[in-house]
Amino acid sequence: MLPYHTLQEAEISLGRNLTFAETLWFKYSAQKSDYILYCHNTLFLFIFYTLFPIPFVILELLGSKKIDKYKLQPKFKNSFSDMMECYKKVMWTFVYAVGPLQVLSYPVIKWIGIRTSLPLPSGTEVFWQLVVYVVVEDYANYWLHRLMHSPWGYNKIHRVHHEYTAPIGFAAPYAHWAEIIILGLASFLGPLMVPGHMLTFWLWFILRQLEAIETHSGYEFPWSPSKLIPFYGGAVYHDYHHYVGGKSQSNFASVFTYCDYIYGTDKGYRYQKNVFEKQQREIKHPQSTVFDMIKVSNIENSNPVYIV
Ligand SMILES: [Zn+2]
Ligand SMILES: [Zn+2]
């Protein structure tokens, strides 16, 4: 709750007029407790994991050839009921595990020092805080995900997420409840190191959700704005991890590609990609994705060539 009763009080306190964004924030948040503002994050979790995968569901159901050329594993088709089943399971996991955790974590947010007050952070401050959040989380997730691929971690927890060898948008948070909580905790590390405004905190979690959905969408579009982000892995990168499945020791990072490069866990992926590109150049094979290439070479050679 803001420590001002009126806009005038806020302006006197800041010694200047409020910006348009600050006025909006004042009107929205002045009468709401910090706890209620923090709980918005739980609401966003349900809203964005419901709405953002819908365009990918529509693309899947349309099944047009024009669109299927952007589908990473076009031979895998999901019916509407398959996708709804995934969605329902995800929402139940949120209800009994993630929602309560988000609400109970409020004291941590207060302790970290996430503020709701005025002034609002500048665009530059928000940008650099988000950079820190994503880099820290990506690094932590790389190692946590790698641990999940230990025999115990995989069999007890991570195998649920790998039930989808060809991911769909709704399957981004489809995982054992323990995995959602463990990997979710990594999202708090950045704000813990560089605490910011509640708006930045909301934005961080929303962007992270959108990224996870895009990465699991099963589609790679050349015009996606995420292509502009340096070292961004994207859908093809993570799809390969799912495609190879439980024995995968490749492409662990959730957002960027450099951790896998530095620690040598992208060798299988790069090998397959190079073979595919060479094949495209020399044999002019008609297949359009690295996944088709792997499947074709398996069939042709009758000898699996997975390099994980
Ligand atoms: Zn995995
Ligand atoms: Zn995944």
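Reader: Which residues does UniProt list for "transmembrane region"?

Author: The entry is unreviewed. UniProt positions use the numbering here, feature names are shortened, and annotations may be inferred rather than shown by experiment. This is a predicted model, where local features need pLDDT of at least 70, side-chain atom pairs count only at pLDDT 80 or more, and totals for chains, interfaces and linings use all residues. Residues are numbered from 1 along each chain as its sequence is written, and chains are lettered from A and ligands numbered from 1 in the order in which they are written. The record lists residues 35-62, 90-109 and 180-207.

Reader: How far apart are the end C-alpha atoms of residues 35-62?

Author: Helices (H or I, at least four residues) and strands (E, at least two) are DSSP runs, numbered from the N terminus. Residues 35-62 are 93% helix and 0% strand. Their end C-alpha atoms lie apart by 42 Å.

Reader: At what angle do H8 and H12 cross?

Author: Axes are lines fitted to C-alpha atoms, for helices over the stretch in contact, and angles run from 0 to 180 degrees between N-to-C directions. H8 covers residues 123-148 and H12 residues 198-215. Their axes come within 10 Å, crossing at roughly 45 degrees.

Reader: Which residues of H12 meet H8?

Author: Contact needs C-beta atoms, placed from the backbone, within 7 Å. H8 brings Val126, Gln129, Leu130 and Tyr133. Their partners in H12 are Thr200, Leu203 and Trp204.

Technical notes: Two residues are in contact if their C-beta atoms, placed from the backbone, lie within 7 Å.
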